[in-house]
Amino acid sequence: MAGPILKTCCLCQSLRTGSIISGVCGILLAIASLIVMFVARVEFKTIVIDWLPSSVVKIILAINLCMTILICLLMIVGVLKRNHYLMLPWVVLGIVLAVGLLVSVIYTSVVFFIDGLVLAGVLWLIFGLLSVVVYVYMWLVTFSFFQILKEDNDRGRYSQPYRR
């Protein structure tokens with residue numbers, strides 16, 4: 001297996017620290033999203049199943065955000081305990097969420113353009129793509145630390161000589 005993709009986080013922090021920051025940011029964003037979702041009077045829609053009532057979409061989104069908090073907590077514990085198995089759900093679902101975020105940003109900006117809201121579409125596209133880049137970078141930081149832990153775990157089983 002090849003080594004980690006990145007060696008540091010933001011050129012000055014360790015991958016371990018960057019992974020913890022990724023998990024904490026995920027938890028904070030999920031909590032903020034839950035608060036906004038239940039306080040603000042915004043209608044939520046989905047791309048695929050747009051026939052669902054807004055209240056059902058809110059419940060589905062709330063469950064997803066709670067699962068995000070759980071997965072981020074698992075990842076942070078995995079980083080602190082140097083256990084790559086606890087990081088695995090975040091690593092796998094993180095890249096899926098990155099693709100979903102990219103699709104959502106493009107879809108929403110196209111809807112703005114179709115509705116004649118060109119400035120909103122451009123701003124949504126710019127800031128949305130920036131958020132995708134930051135998200136993918138933080139995923140790469142965590143995936144790199146995951147790779148290091150996995151390689152350490154794989155090497156640890158076979159590197160110890162037999163003792164008599």
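Predicted model: local features only at pLDDT ≥ 70, side-chain atom pairs only at ≥ 80, totals over all residues.
Entry 1, Leu80. I began with Leu80, which, once neighbours within four places in sequence are left aside, is in contact with Arg16 and Ile20, contact meaning heavy atoms within 4.5 Å. Leu80 is found in helix α2, where helices (H or I, at least four residues) and strands (E, at least two) are DSSP runs numbered from the N terminus. I noted that Leu80 and Ile20 are 60 residues apart in sequence and 8.2 Å apart in space, C-alpha to C-alpha. With a relative accessible area of 47%, Leu80 is partly exposed; buried means under 20% relative accessible area, exposed over 50%, and partly exposed in between, with a 1.4 Å probe and protein chains only.

Residues are numbered from 1 along each chain as its sequence is written, and side-chain values use heavy atoms, with hydrogens and water left out.

I looked up the secondary structure and found four helices and zero strands in the protein chain, which follows the pattern α-α-α-α when read along the sequence. Of the 164 residues in the protein chain, 29% are buried. Among the contacts with a separation of 6 or more, 71% are accounted for by residues 24 or more positions apart.

Which residues have the most contacts inside the largest nonpolar core? They are Leu34, Met87, Trp90, Val91 and Phe145, in a core of 25 residues. Two or more residues of this core are given by each of α1 (15-39), α2 (54-81), α3 (84-114) and α4 (118-158), and the largest share, eight residues, comes from α2. A nonpolar core is here a set of buried Ala, Val, Leu, Ile, Met, Phe, Trp, Tyr and Cys residues joined through side-chain atoms within 4.5 Å. I then followed Phe145, which touches Leu15, Arg16, Ser19, Val79, Arg82 and Met87, not counting residues up to four places away in sequence.

Is Ser22 buried or exposed? Ser22 is buried, with a relative accessible area of 6%, and is found in helix α1. Leaving aside its neighbours within four places in sequence, I found Ser22 in contact with Met75, Trp90, Met138 and Thr142.

The axes of α1 and α2 come within 9 Å and cross at roughly 160°; axes are lines fitted to C-alpha atoms, for helices over the stretch in contact, and angles run from 0 to 180 degrees between N-to-C directions. The two helices, α1 and α2, are therefore roughly antiparallel to each other, since angles under 35 degrees count as roughly parallel, over 145 as roughly antiparallel, 65 to 115 as roughly perpendicular and the rest as oblique. The residues of the contact of α1 with α2 divide into 19 nonpolar, six polar and two charged, where Ala, Val, Leu, Ile, Met, Phe, Trp, Tyr, Cys and Pro count as nonpolar, Asp, Glu, Lys and Arg as charged, and the others, Gly among them, as polar.

From α2 the contact takes Ile71, Cys72, Leu74, Met75, Val77, Gly78 and Val79, and from α3 it takes Leu86, Met87, Pro89, Trp90 and Leu93. These residues divide into 11 nonpolar, one polar and no charged.

In the loop between α2 and α3 lies Arg82, whose phi is near 55°, a positive value in a residue other than glycine. Most residues other than glycine have a negative phi. At 44% relative accessibility, Arg82 counts as partly exposed.

Leu28 lies in helix α1 and is exposed, with a relative accessible area of 54%; Leu28 and Ile69 are 41 residues apart in sequence and 8.5 Å apart in space, C-alpha to C-alpha. Leu125 lies in helix α4 and, at 28% relative accessibility, counts as partly exposed. Leaving aside neighbours within four places in sequence, Leu125 is in contact with Val105 and Ser109, while Leu125 and Ile106 are 19 residues apart in sequence and 6.7 Å apart in space, C-alpha to C-alpha.
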